[in-house]
Amino acid sequence: MALTGLDIYKQLPKENCKECGLPTCLAFAMKVASGQVGLEECPRLTDDARGELDEASAPPQRLVTIGPDPDPVQIGQETVLFRHDEKFHHPPAVALTVSDSLDESALGDLCTEFKALEFTRVGETLRPTMVALINDSGSADTMSAAAQMLHSALSVPMVLLSDKIDALSAAATGPLSGARPLLMCTGEASADDLAALAKQAGAPICVAGDAETVADRVEALGKLEVKDVVISPGRTSTAEALQFLTQTRRAALKSKFRPLGCPVLVLADGDDKVAGMLDACAFVCKYAGVVVSNAWDGHLLVPILTTRQNIYTDPQKPVQVEPKLYEIGEVTPQSPLLVTTNFSLSYYSVEAEVETARIPCYILAVDTEGTSVLTGWAADKFNPETITNALTANNAGDKVEHHTVIIPGHVAVISASLAEESGWKVLVGPKEATGIGPYLKSDWNAL
Ligand code: SF4
């Protein structure tokens, strides 16, 4: 919970000595509350007061780092229940399951498959984040060997799941030493055992159970100086997992209940892969920090990654592309020129259709501050003047000999005024991007 200036002031020495560079302790407290200076600037603050302030000002949900430098994944430290209130900050890690019972050749094949799991959507590359290594063999040596192979081949963050604490310890302190894997003991283990494992491996720990059980376990680990903890409902029904996710997020953010202020790992790796994919999408929407999934097939993985991309964009900032003249394919001065806005979804819808049609085109993305065609037109940001300015600013007249633009069908109403303003010939294209291919092949080619 954010502390007020007055809360901070109560803990300060109140000596007004100015050593912090500010005239009074109250001025210092106000600056700290607004995040402009840190507590370390006051040399006279007692250790006790510093400890209390640090604890009280800690975020309601802990940030947990998993994986090796330089590209670890960070989860948690979310501040709202609903993304329209602000935004969600740390997208959940999607961890694909790998059994340590696979032989070397099968593991190698999976590594190759993992590297190939890359998908481009609205200009972003989507890929799974982690590997979840499951100790199906029951052998510590086998798990360590598999961990070694995956780590050398992929070097991505990992989750290790085993019912044997010795197997986790062997892999985390052996081949994964320094790689900060998330360690989840699915068997019986005391808080002392888990704390020893976390300290030995220098890695975060995942504890599972119902909300009450994990809260007790997190508190016990905290007393043993283990703070990097992820919590999990374990293997439960979809409804129970969603209940756990919402209950713990609410307890952390609304009730400031710190033992549940940890990111959550959920399992969506059942035998029914389609049901698992649907579960994973629901968990992404409702607060998961790590989703363990067996969606190795693209058609199962893409919906999960797409859901994550959609939920973790900032709802207050439209996703935009750079407003400019794009060249798609081997364009010539005779290539068609399509006009759209710089709203990512609009631009990439047009670009995808042009690529599918295999007809080289220019696409002019007009700066509408990331709004779509109709919204930009309604807000007077996509009009004859802005389109003409964009044509001029991008020297379109020098690149395109025919001086003809194709505008979206939804704004056919501006065609005459655009022709007058720009001096270009204006053609009205299809209303929907899906009509671009047929339009280019028939109407444009017929010109
Ligand atoms: S250094 Fe500390 S005691 Fe001195 S004025 Fe600043 S806040 Fe107050």
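Trainee: Against which elements do the buried residues of helix 14 pack?

Mentor: They pack against strand 14 (337-341), strand 15 (361-366), helix 15 (396-399) and helix 16 (415-422). Contact here requires C-beta atoms, placed from the backbone, within 7 Å; helices (H or I, at least four residues) and strands (E, at least two) are DSSP runs, numbered from the N terminus. This is a predicted model: local features need pLDDT of at least 70, side-chain atom pairs count only at pLDDT 80 or more, and totals for chains, interfaces and linings use all residues. Residues are numbered from 1 along each chain as its sequence is written.

Trainee: Which residues of helix 14 are buried?

Mentor: In helix 14 (residues 384-393), these are I387, T388, A390 and L391. They lie on the same side of helix 14 because they cover an arc of only 160° around the axis, the arc being that of the directions from the helix axis to the C-beta atoms.

Trainee: Why is Q77 called partly exposed?

Mentor: A residue is buried if 20 or more other C-beta atoms, placed from the backbone, lie within 10 Å of its own, exposed if 12 or fewer, and partly exposed in between. Q77 has 17 C-beta neighbours inside 10 Å, so it counts as partly exposed. Q77 also has a positive phi of about 50° although it is not a glycine.

Trainee: What makes R358 exposed?

Mentor: R358 is exposed because 10 other C-beta atoms lie within 10 Å. R358 is in the loop between helix 12 (344-357) and strand 15, and its phi is positive, about 60°.

Notes. Two residues are in contact if their C-beta atoms, placed from the backbone, lie within 7 Å.
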